[in-house]
Amino acid sequence: VTSTTSITKARIMAVSAQASAANGSVKSYNESDSSATASKLVCELKFGTADGEWTHFYVPGQGIYCDTGMYAVMANCDFLTVTGTFT
């Protein structure tokens with residue numbers, strides 16, 4: 001399963017995701033739409049060896065600030081939860 005979602009300005013404090021298969025992946029960009037490029041990548045998580053495995057990533061301090069917006073791309077991922085502040 002591959003899907004995308006776009007979020008307004010964000011300060012990412014934590015990311016939790018569940019794999020739908022081996023090699024789950026979540027990429028977060030400081031961008032508001034699918035025009036995101038590698039230079040805008042702010043966080044990439046790779047996880048899971050099987051369906052149903054979870055990963056939790058906590059960002060220390062002030063978190064990761066995305067001033068343009070937050071655009072997430074998921075691969076082999078059923079669920080994504082981003083905790084933080086959003087405007």
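Predicted model: local features only at pLDDT ≥ 70, side-chain atom pairs only at ≥ 80, totals over all residues.
The protein chain contains eight strands and zero helices, so that, read along the sequence, its pattern is β-β-β-β-β-β-β-β. Along the principal axes, the C-alpha trace spans about 35 × 30 × 20 Å, and the radius of gyration of 12 Å agrees with the value near 12 Å that a compact globule of 87 residues would have.

Of the 87 residues, 37% count as buried, while the accessible surface comes to about 4,700 Å², with 52% of it belonging to carbon and sulfur atoms. In soluble globular proteins, nonpolar side chains tend to be buried together. Here the largest nonpolar core has 11 residues, including Ile12, Val15, Leu45, Val59 and Val82. At least two residues of this core come from each of the strands S2 (10-19), S4 (41-47), S6 (64-66) and S7 (70-75), and S2 gives the largest share, with three residues. Ala10, which belongs to this core, touches Ile64, Tyr65, Cys66, Met70, Thr85 and Phe86 when residues up to four places away in sequence are not counted. Apart from this core lies another one, of six residues, among them Ala17, Ala19, Met74 and Cys77.

The structure holds one salt bridge, which is formed by Glu44 and Lys46, with their closest N and O atoms 3.8 Å apart. Glu44 counts as partly exposed because its relative accessibility is 35%, whereas Lys46, with a relative accessible area of 68%, is exposed.

Terms used:
Residues numbered from 1 in each chain as written. Heavy atoms only, no water. Core = buried A, V, L, I, M, F, W, Y, C linked by side-chain atoms within 4.5 Å. Buried < 20%, exposed > 50% of the residue type's maximum accessible area, 1.4 Å probe, protein only. Helix = DSSP H or I, 4+ residues; strand = E, 2+ residues; numbered from the N terminus. Contact = heavy atoms within 4.5 Å. Salt bridge = Lys/Arg side-chain N within 4 Å of Asp/Glu carboxyl O. Rg over C-alpha atoms; globule rule 2.2 N^0.38 Å. Areas by Shrake-Rupley, 256 points an atom, 1.4 Å probe, with all protein chains shown as cover.
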